[in-house]
Amino acid sequence: MGDFVAEYSDGGIGNALIRQTCKLVAADPAAHEEWASKNGQAEPYIGGTWSYENVELEAEEVLAAVKKALDHCPGSEETLRALLPKPVPCEVLVLDRSYQGGYKKVKRTRAAIGEHVVELLVSDEFDFMSMK
């Protein structure tokens, strides 16, 4: 199975910026950021805190979260579907913050699958100050 990165973005310039990223890479514990330590960590500038948890998701939930990104990378959805166990044990890191000048919603999901790691990023953000 080959590694890949599937990306999608939409909006910006006066509208919310929507991003989806899905990466399938070879497992290398030294190369992966430690997410558990971010639990409760404050986000600079906009405030809010990150929350971390371990969850089990259905494969369809994982695929649906980054559907638009996968649609832009031929063969990626089929590759993931073949790799994902049922259920999928995942680490999830979330920031959901509204502030005076906008909002930022980020959900990062990571699953170790055999010799691979799947990382998902889904974000939706708007900053009024960036419109000026």
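F128 lies in the segment after strand 6, helices (H or I, at least four residues) and strands (E, at least two) being DSSP runs numbered from the N terminus. The model is predicted, so local features need pLDDT of at least 70 and side-chain atom pairs count only at pLDDT 80 or more, while totals for chains, interfaces and linings use all residues. Residues are numbered from 1 along each chain as its sequence is written, and side-chain values use heavy atoms, without hydrogens and water.

With a relative accessibility of 41%, F128 is classed as partly exposed (buried, under 20% relative accessible area; exposed, over 50%; partly exposed, in between; 1.4 Å probe, protein chains only). Together with Y45 and M129, F128 forms a nonpolar surface patch of about 370 Å² accessible area (Shrake-Rupley method, 1.4 Å probe, only the protein chains shown counting as cover for residues). Patch members have over 30% relative accessible area and no salt bridge, with like charges joined within 9 Å and nonpolar side chains (Val, Leu, Ile, Met, Phe, Trp, Tyr) within 5 Å; a salt bridge places a side-chain nitrogen of Lys or Arg within 4 Å of a carboxyl oxygen of Asp or Glu.

Helix 3 (residues 76-83) has S76, E77, T79, L80 and L83 buried. These buried residues fall within an arc of 160° seen down the helix axis, and therefore line one face of helix 3; the arc is taken from the directions from the axis to the C-beta atoms. The face turned away from the buried side carries the exposed residues E78 and A82.
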